[in-house]
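Me: I'm new to this one. Can you walk me through it, starting with the surface?

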Amino acid sequence: MDDNDELDYVEEDYYATLNLPRTATADEISKAYRNLSRIFHPDKHGNGENKQKAELMFNRTKKAYEVLSDPHQRAIYDSLGVKGLETEGWEIVHRTKTPNEIREEYERLAREREERRLQQKTNPRGNISVHINATDFFSRYDDEYYDTGFLPSIEVSGMSMSQSIEAPLSRTEIATLSGSLHLQNGVGSGNFLLSGKRLINKGWFEVDCGAGNGPVLGAKGSRNLTNRIFLTGGTTFHFRPNAIIPGLTGTAAIQLDKNTLGYLTYNAGLQNSMSTVVERNTEKYHCNLTITLGIPHCYIAASYSRKLVEQGLRLRVALKGGTFGFLSECGAEKKVSKYSSVSATVCVGVPSGVTLKIKIIRSTQTYLFPIHLSEEVIPAAIFYATVTPLLTYFVLKKMVFDPMNEATKQKNIERVKETNSTRMAEKRREAESAIALMGALYERIRKDELKSEGLIIVSAMYGKFSDAENVSLEEADDMGFVQQNPYVIDVRIPLQCLVKDSQLTLYSSSKSELPGFYDPCFGEEKLLKIDYEFRNTSYSSIFGDMDPVRLPVPANDASHMVISICVVLLTAYLGFTGCTARLEDEGARAKQQQTKVNRKHTTNEPNFSDSSEDGSNGSEQEEKDEDSETERNRRLHIESLGQLKSAKLKSIEKSLTEEQRQAEKEIERAQLAAIFELLKKQADSSNLNEDDLKEQLSLYR
């Protein structure tokens, strides 16, 4: 279940007030302030009602500028918000609140402060582990002397609990009291431990004493040798009725790089072992490799965890093998709230079988439920261990967690609405005043954009709406009467006033803080729908409340570029096809004429009769007419292609930027060069010279 962070006070966003990104420079802040001052300065609006409205908006703009232009105040505002700027010594309060509200806030902050102090002083940590045996589900044990019943048997085979609290004695000394209880198959054991820890130069030292299966005394400490190397060691003494069992442990660690650590650990006592660990931890993943040589077990283990921070998810796989057998793990951990997370891990091994581990983490408390499903590796057990946790999580989320979260959220929203009702009404009056003062600027910008066929905001709706196609400022109630839609406001005028050089840019912040905007549905998901015209073409776009806005949408510019390139390539292909066909025709006619000339030179008749001469002249005249007709068709064909290209390019030329026009010119020059080379290759097998080729190329151009 999500922990809804309680809202308290609606703070102003000074960056949104000036329509600036949080990375704005000092020059950009000054420029934005000057632009808004030209609109809202009281001296520009006479002495009537508009002057009072202008004073209200000008004071708001001036406050934002004073904070953001001062590096010191801006740093405080970026870190703590408006509260950080209004610190009055005893606690953070709002000067705009009533005395009763200030007293209530002080009492609430005092309670939270006491809770934090108690948490810091005690730092309680607890772990509860419940071992469940559910092997009867997949491999039932038949006993002829004992009726197993119709339903499979599920039993709690073991349980363990541990708890610890801390008590700071001074700035360098801490006392810790911890205890644990273990129960397995009806046999239990427990112990408690009292520790005293003292911080020393470059390390710490700790003394332990406790009781369990006999008294226990121990001491351990740590010291940094360098910035990259530290040592940790300790010794313990277990007092048994007939013996004293000593224990010794030591670890040397070295930081290999920024994200990688290496450990070498030695243990002696009840269990003797030496292990080497290499651990790498980054923002995106965590991996670990462990090699252990010991008595009675030796093993090698490797694990890899992938961190999906945006989704609050962590995926983990692990392999472990040694003298005890083999074990593989696969699981996921999901962050369900600010302080809570759940995880499910499927463990498959030999001879352990199949086990499902469910873990719930709530702040510093951990609850672990290992469920043993089968003693052998059974596919059915693996399948149910994988699918059941996923289905359970989604069912609980939809049927339990989400409704509870929504109810808590709505309750919190109503409380904040009531607390900030005066402030929200003031924000609405500020927005209405800003729109009233923007009339002259709106008309001037709209007129300039109409002349240049630039960006014209046709309509703009901001608020909560589900049907973006039919969103309206008016809606019909249950009785059919038309009334004002309380969740949607018209922001056409404020957006048009923010247009500059046929572009509208809004940054990643709540749009309710922009001049002329206010929040019509506090706590709800809001959208901004803009219908606009650009280059005499209509468009429509929808943005989220926190989404950056840039109009005209870059995707449309990109589509124009793609269309332009496609038109050029298509035209080039058609033009090249026409020129190639012409070259082939001219080559064939040239070969035919050459054949006729050869025949004339090889004939035995020195002279031709009059009739044959007339016939020859007639055929030559027909060939000339045919050539001229083909030449005219060729010219018309290429000219029509050029006209087609010109018309297509002109239709989109106005929507292209200067860089895109330069890119198109480069593409066109490259295409013409390629066409010329192809024509030249064709000319090698024909009678066309280079001048003819250039003439054809100029016709295409």
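Me: Which residues make the nonpolar surface patch?
Reply: Leu225, Ile229, Leu231, Ile254, Leu256, Val278, Leu289, Ile291 and Ile300 make it. The patch covers about 700 Å². Keep in mind that this is a predicted model.

Me: Which strands each supply at least two residues of the nonpolar patch?
Reply: Strand 7 and strand 11, which spans 285-295, each do that.

Me: And where is leucine 225?
Reply: Leucine 225 sits in the loop between strand 6 (214-224) and strand 7.

Me: Why does leucine 225 count as partly exposed?
Reply: Because its relative accessibility is 48%. Over 50% would be exposed, and under 20% buried.

Me: Back to strand 7. How does strand 7 pair with strand 8?
Reply: They pair in the antiparallel sense, over 11 bridges. Strand 7 covers residues 229-239 and strand 8 covers residues 244-255. The two strands form a hairpin, with 4 residues between them.

Me: What stands opposite leucine 231 there?
Reply: Alanine 252, in strand 8. Leucine 231 is also one of the patch residues.

Me: What about strand 8 and strand 9, how many bridges?
Reply: 8 bridges, again in the antiparallel sense. Strand 9 runs over residues 260-268. A hairpin joins strand 8 to strand 9 through 4 residues.

Me: Which residue is the bridge partner of threonine 249?
Reply: Asparagine 267, in strand 9.

Me: New topic. What is the order of the strands in the open sheet of 4 strands?
Reply: The order is 21-18-23-24, and the pairing is antiparallel. Strand 21 (488-490) and strand 24 (537-544) stand at the edges. Each has a single partner strand, so one side of each is left without a neighbour in the sheet. The twist averages 20° from one strand to the next.

Me: How many bridges join strand 18 to strand 21?
Reply: 3 bridges, and the two strands run antiparallel. Strand 18 spans residues 455-463. Methionine 461 stands opposite aspartate 490 in strand 21.

Me: Now the rings. How many aromatic pairs does a search of the whole structure find?
Reply: It finds 12. One of them is phenylalanine 138 with tyrosine 384. That pair is tilted, at 6.0 Å centre to centre with 40° between the planes.

Me: What does the pair tie together?
Reply: Phenylalanine 138 lies in the loop between strand 1 (125-133) and strand 2 (155-168), while tyrosine 384 lies in helix 7 (residues 379-419). So the pair ties together parts that are 246 residues apart in sequence.

Me: What are the relative accessible areas of those two?
Reply: Phenylalanine 138 has 27% and is partly exposed. Tyrosine 384 is partly exposed too, with 47%.

Me: Why is the pair of tyrosine 299 and phenylalanine 324 edge-to-face?
Reply: Because the planes are at 65°, and over 60 degrees counts as edge-to-face. The ring centres are 6.2 Å apart. Tyrosine 299 lies in strand 12 (residues 299-308), and phenylalanine 324 in the loop between strand 13 (313-322) and strand 14 (325-335). Tyrosine 299 is partly exposed at 24%. Phenylalanine 324 is partly exposed at 29%.

Me: Which residues form one aromatic cluster?
Reply: Phe137, Phe138, Phe383 and Tyr384.

Me: Last one. Where is glutamine 52?
Reply: In helix 3, residues 49-69. Glutamine 52 counts as exposed because its relative accessibility is 58%. Its C-alpha atom is separated by 7.5 Å from that of proline 42, 10 residues apart along the chain.

Methods:
Residues are numbered from 1 along each chain as its sequence is written. This is a predicted model: local features need pLDDT of at least 70, side-chain atom pairs count only at pLDDT 80 or more; totals for chains, interfaces and linings use all residues. Side-chain values use heavy atoms; hydrogens and water are left out. Buried means under 20% relative accessible area, exposed over 50%, partly exposed in between (1.4 Å probe, protein chains only). Two strands pair if DSSP finds at least two bridges between them. Patches are made of residues with over 30% relative accessible area and no salt bridge: like charges are joined within 9 Å, nonpolar side chains (Val, Leu, Ile, Met, Phe, Trp, Tyr) within 5 Å. Accessible areas come from the Shrake-Rupley method with a 1.4 Å probe; for residues, only the protein chains shown count as cover. A salt bridge is a side-chain nitrogen of Lys or Arg within 4 Å of a carboxyl oxygen of Asp or Glu. Axes are lines fitted to C-alpha atoms, for helices over the stretch in contact, and angles run from 0 to 180 degrees between N-to-C directions. Rings of Phe, Tyr and Trp (its six-membered ring) pair if their centres lie within 6.5 Å; planes under 30 degrees apart count as stacked, over 60 as edge-to-face and the rest as tilted.
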